[in-house]
Amino acid sequence: MTQAGRQGSPRNSSGRGGNERNSSQRNPAQGGSFSGGSRGGAGKRAAGFGGDRSHRAPKPREERFIDPDLAGDQQGRGAEAARGAKPSSRKPAARKPGAKKAPGTPGAPKPKPRTGAPGAAASRAFGSERFGQNLGPVRKPVRKKGPRGNVPQSELHDADGVRLQKVMASAGVASRRVCEEMIAEGRVEVDGQVVTELGVRVDPKTAVIHVDGLRIQLDENLVYMVFNKPKGVVSTMEDPEGRPCISDFLKNNKNTGERLFHVGRLDVATEGLLLLTNDGELANRLTHPSYEVPKTYLVQVRGPFPQGVGAQLKAGVELEDGFASVDSFRLVDSTPGHVLIEVVLHSGKNRIVRRLFDAVGFPVQRLVRVKVGPIGLGDQRQGSIRNLGKQEVGHLLASVGL
């Protein structure tokens, strides 16, 4: 055999000769691949392993696709195989068609029937909405006791009406199939009576429908909005003195032509949440003292704030127009010279928060209303107006028994 042939033989290529070093130097320049006859220490060190012992460069490993839904199960089996454990003989569960689709959409699997608590239901009314996801439990509407206490479902049927599941789907509750499941599970009420029959027809103009205690508003002409009022704006639609008012912020809103009521008032210096609606019955109930709708405020006063003042405000303070108190008092933050306090009260008296804090010797420096009933400002910017989601409307109506 020739000298060139001996140098290219497998026996010589496994050594540490110059040809091997040359090949290990050439390969990185060709893209960093360590395949072919290079098996020496240079290739090993370049591969990240270190040491001088010769080895065979590993082949590139193919990346295996991992289904996100089965990743944990597959990774567990891979770990067992790496430890030498015998893999489980159980076959992975077959994925159902439409498993990745959101509940209520066409092709999505049917939710399992509810078996226990109300929160165990597989789907919620208006579950795909952005607003109203974390408003807490629904306050059940006030039911009128009377001779209609045990009305048969057949009497709720209106032969000229629309199928109940179709009315619910048109209102955006869920898909028609999911609405049918809600009815069969006893989660739907019509005029205060639980309906479980799928063939019931109702009149959308007169029927009062609740799903899981959440009122469905079927009148598309009614408007419900939240306005984050800035300081210096008057709580009126028009101001004879020419000061900024609510209507100035409605100019670019699509409901400009609607006659809207502002629920409650905020003085010029107070900021925060105002509800706007053309639902007169809701506006009356929200402002009526008998419904005791709670309102939450953030109050900034000068510090330090001594102990005992919060208990005094909760116990009650005598004002010029009678006795007044707060429902709850909580210290939120304290910095040198300033204290931020959260108070909740249901009184609708004029400037009641400012007068209460004046009475205990701590005049209000800044006042913001952040919540009315179940509706909160969240991260809504000042001066902006947004429409309430249907979940929010349902919670708001239920809070006053509508």
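**Core, charges and rings**

Mentor: The largest nonpolar core has 32 residues, and Val299, Leu356 and Phe357 touch the most other members. Strands 7, 9, 10, 11 and 14 each supply at least two residues of this core, as do helix 10 (309–315) and helix 11 (352–359). Keep in mind that this is a predicted model.

Trainee: What does Phe357 touch, leaving out residues up to four places away in sequence?

Mentor: Phe357 touches Val299, Val301, Phe305, Leu313, Phe329, Ile341, Val343, Phe362, Pro363 and Val364.

Trainee: And how many residues are in the second core?

Mentor: The second core is separate and has 19 residues, including Val178, Val188, Val190 and Val200.

Trainee: Which residues of helix 8 are buried?

Mentor: Helix 8 covers residues 176–184, and the buried ones are Val178, Cys179, Glu181, Met182 and Ile183. Their cover includes helix 7 (164–170), strand 2 (188–190), strand 3 (193–195) and strand 5 (209–211). Just after helix 8, Gly186 has a positive phi of about 75°.

Trainee: OK, charges. How many salt bridges are there?

Mentor: The count is 12. One of them pairs Asp267 with Arg351, with the closest N and O atoms 3.7 Å apart. Asp267 is in the loop between strand 8 (261–263) and strand 9, and Arg351 is in the loop between strand 14 and helix 11, so this pair ties together parts 84 residues apart in sequence. Arg351 is partly exposed, with a relative accessible area of 42%.

Trainee: Where do Arg330 and Glu342 sit?

Mentor: Arg330 is in strand 13 (residues 328–335) and Glu342 is in strand 14, 12 residues apart. Their side chains form a salt bridge at 3.2 Å, N to O. Arg330 is partly exposed, with a relative accessible area of 44%.

Trainee: What about Glu241, is it buried or exposed?

Mentor: Glu241 counts as exposed, at 62% relative accessibility. Its salt bridge partner is Arg243, with the closest N and O atoms 3.5 Å apart. Arg243 counts as partly exposed, at 34%.

Trainee: Rings, then. How many aromatic pairs does the structure hold?

Mentor: Three. Phe227 and Phe249 form a tilted pair, 5.1 Å centre to centre with 45° between the planes. Phe227 is in strand 7 and Phe249 is in the loop between strand 7 and strand 8, 22 residues apart. Phe227 is buried at 0% relative accessibility, whereas Phe249 is partly exposed at 28%.

Trainee: Why does the pair of Phe305 and Phe329 count as stacked?

Mentor: The ring planes are at 20°, with the centres 5.8 Å apart, so the pair is stacked; the cut-off is under 30 degrees. Phe305 lies in the loop between strand 10 and helix 10 and Phe329 in strand 13, so parts 24 residues apart in sequence are tied together. Phe305 is buried at 16%, while Phe329 is partly exposed at 21%.

Trainee: Which residues do ring pairs link into a cluster?

Mentor: Phe305, Phe329 and Phe362. The ring of Phe362 also has the charged end of Arg302 sitting over it, 5.2 Å from its centre.

Conventions: Residues numbered from 1 in each chain as written. Predicted model: local features only at pLDDT ≥ 70, side-chain atom pairs only at ≥ 80, totals over all residues. Heavy atoms only, no water. Core = buried A, V, L, I, M, F, W, Y, C linked by side-chain atoms within 4.5 Å. Buried < 20%, exposed > 50% of the residue type's maximum accessible area, 1.4 Å probe, protein only. Helix = DSSP H or I, 4+ residues; strand = E, 2+ residues; numbered from the N terminus. Contact = heavy atoms within 4.5 Å. Salt bridge = Lys/Arg side-chain N within 4 Å of Asp/Glu carboxyl O. Phe/Tyr/Trp six-rings, centres within 6.5 Å; stacked < 30°, edge-to-face > 60°. Lys NZ or Arg CZ within 6 Å of the ring centre and 35° of its normal.
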